[in-house]
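Subject: Structure handover

Hello,

Here is the structure I promised you. Please open it and keep it in view while you read.

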Amino acid sequence: FGRASIARHQTESERDAFRPAATLANRTGYATMTLDSFGQIRDCEATAEEIFGASRLNLIGRPIFKFIAGLSRGRSSPSYGARYLEYLCADGEWHEFEATDMGGRAFAVELSMHRTQTSGRELFALRLRRPKQTACP
């Protein structure tokens, strides 16, 4: 009982420590996430946690499509989804999408991806950042 209670308290405290993505200041760097060929998040760094307002443990194993809807093509098959991710990797440029954080808040995000093979498995390195804003005259 005590151990489960402590673990639950730590998890809630960790969640409270993450700021919602909608309130993050513009950053010059970017976050990195690793996706498998089906778009499942396999790893991420602390900046990705901040952007999506969730701990690493709450992100890993979830489909990236839950956070960035434009990365999937409706009710497409997993193999089509993987081919679409490959298509997005082709130019290596930054593309703007609408994302949603764990709290359900929408925000703009730019992303760039590249594909790699590791131990015979296809992986995607996703880099994301907040769009640069221009100053108003």
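Below are my notes on its rings, its charges and one serine.

This is a predicted model, where local features need pLDDT of at least 70, side-chain atom pairs count only at pLDDT 80 or more, and totals for chains, interfaces and linings use all residues. Residues are numbered from 1 along each chain as its sequence is written, and side-chain values use heavy atoms, with hydrogens and water left out.

Aromatic rings come first. Rings of Phe, Tyr and Trp (its six-membered ring) pair if their centres lie within 6.5 Å; planes under 30 degrees apart are stacked, over 60 edge-to-face, and the rest tilted. The count is 3 aromatic pairs. Take F52 and F107: their ring planes are at 55°, so this pair is tilted, and the centres are 6.2 Å apart. F52 is in helix 2 (residues 46-52) and F107 is in strand 4 (residues 106-118). That puts them 55 residues apart, so the pair links distant parts of the chain. Helices (H or I, at least four residues) and strands (E, at least two) are DSSP runs, numbered from the N terminus. F52 and F107 are both buried (under 20% relative accessible area, 1.4 Å probe, protein chains only). Ring pairs join F52, F67 and F107 in a cluster.

Next, charges over rings. The rule: NZ of Lys or CZ of Arg within 6 Å of the ring centre and within 35 degrees of the ring normal. R129 lies over the face of W94, 3.7 Å from the ring centre. R127 lies over the face of Y30, at 5.0 Å.

Last, is S55 buried or exposed? S55 is buried, because its relative accessible area is 9%. S55 sits in the loop between helix 2 and helix 3 (56-59).

Best wishes

Conventions:
Buried < 20%, exposed > 50% of the residue type's maximum accessible area, 1.4 Å probe, protein only.
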